[in-house]
Structures are given as C-alpha cells and as structure tokens.
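The sequence and structure come next.

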Amino acid sequence: MMKPLLAIYLSMSIVCFAAYGLDKFAAKAGLWRIPEATMHLLELLCGWPGALLGQRLFCHKRAKREYMWTFRGIVIANIIFVACFAFL
C-alpha cells in the first residue's frame, strides 16, 4: 500500500528538483522564472523532498523568509498526510 505513495513522492521529488534547477539557472541568466506559487504547488504535491535537495544543492530560495515559512508548512502538512495514510 505504501509503494504507490513512495513512487509518487519519488516522481514528484524529481520534478520539483528539476524545477529548482531550472529556476536557479533562469535567475542567473535573467530569463523567465517559475512562479513561486507553482514551486509551492509542486512541493505540496509530494515534491518537497526534491525541493529540499534543490534548495541545498542550488542554494536557491533559502534566503527568502516568507517562502521558507510556506515551505515548512507544506512539509508539515505532507508529514501529517503520510502519518494519517500510514495508520489507515
């Protein structure tokens, strides 16, 4: 029962990690950026582990206080969701 959830988290983490990398590249190159709302949506849809790795590896979005507060809330919501899912 947990295998599909693990597959979703892995897939979305890869997508979210790639989005962080693309957004960091775009920021440096002065190109079109991925909206923060889109980044948060990817995080919320089980991509937060990839986002966390992207934040660390690309040094991206970590200095934005408001962004990080929202990110932390998303992580907590995901942990609660998984905990509830695991106990059902």
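## Buried residues and backbone angles

A residue counts as buried when its relative accessible area is under 20%. The model discussed here is predicted. Cys46 has a relative accessible area of 11%, so Cys46 is buried. Cys46 has its place in helix H2. Although Cys46 is not a glycine, its phi is positive, at about 75°.

Lys61 is another residue other than glycine with a positive phi, near 75°. Lys61 lies in the loop between H2 and H3. The relative accessibility of Lys61 is 8%, and Lys61 therefore counts as buried.

Asp23 belongs to helix H1, which covers residues 2-29. Its relative accessibility is 0%, so Asp23 counts as buried.

The side chain of Asp23 makes a polar contact of 3.0 Å with the side chain of Arg33. If residues up to four places away in sequence are not counted, Asp23 touches Arg33, Ile34, Met39, His60 and Lys61.

Met39 is part of helix H2, residues 36-58. Met39 counts as buried because its relative accessibility is 0%.

Apart from neighbours within four places in sequence, Met39 is in contact with Cys16, Ala19, Tyr20, Asp23, Ile34 and Tyr67.

## How H1 packs against H3

Two packed helices are described by the angle between their axes and by the distance between those axes. For H1 and helix H3 (residues 65-87), the angle is about 165° and the axes are 12 Å apart. An angle over 145 degrees counts as roughly antiparallel, so H1 is roughly antiparallel to H3. The crossing of H1 with H3 is right-handed.

Which residues make the contact? From H1 they are Met2, Leu5, Tyr9 and Tyr20, and from H3 they are Tyr67, Asn78, Phe81, Val82 and Phe85. Sorted by class, the contact has 8 nonpolar residues, 1 polar residue and no charged residues. Tyr20 and Tyr67, one from each helix of this contact, are also in contact with Met39.

How values were computed: Residues are numbered from 1 along each chain as its sequence is written. This is a predicted model: local features need pLDDT of at least 70, side-chain atom pairs count only at pLDDT 80 or more; totals for chains, interfaces and linings use all residues. Side-chain values use heavy atoms; hydrogens and water are left out. Helices (H or I, at least four residues) and strands (E, at least two) are DSSP runs, numbered from the N terminus. Buried means under 20% relative accessible area, exposed over 50%, partly exposed in between (1.4 Å probe, protein chains only). A polar contact is a pair of N or O atoms within 3.5 Å; within protein, one must be able to donate a hydrogen and the other to accept it, and residues adjacent in sequence count only if both atoms are side-chain atoms. Contact means heavy atoms within 4.5 Å. Axes are lines fitted to C-alpha atoms, for helices over the stretch in contact, and angles run from 0 to 180 degrees between N-to-C directions. Angles under 35 degrees count as roughly parallel, over 145 as roughly antiparallel, 65 to 115 as roughly perpendicular and the rest as oblique. A crossing is left-handed if the near helix is turned anticlockwise from the far one by less than a right angle, and right-handed if clockwise. Ala, Val, Leu, Ile, Met, Phe, Trp, Tyr, Cys and Pro count as nonpolar, Asp, Glu, Lys and Arg as charged, and the others, Gly among them, as polar.
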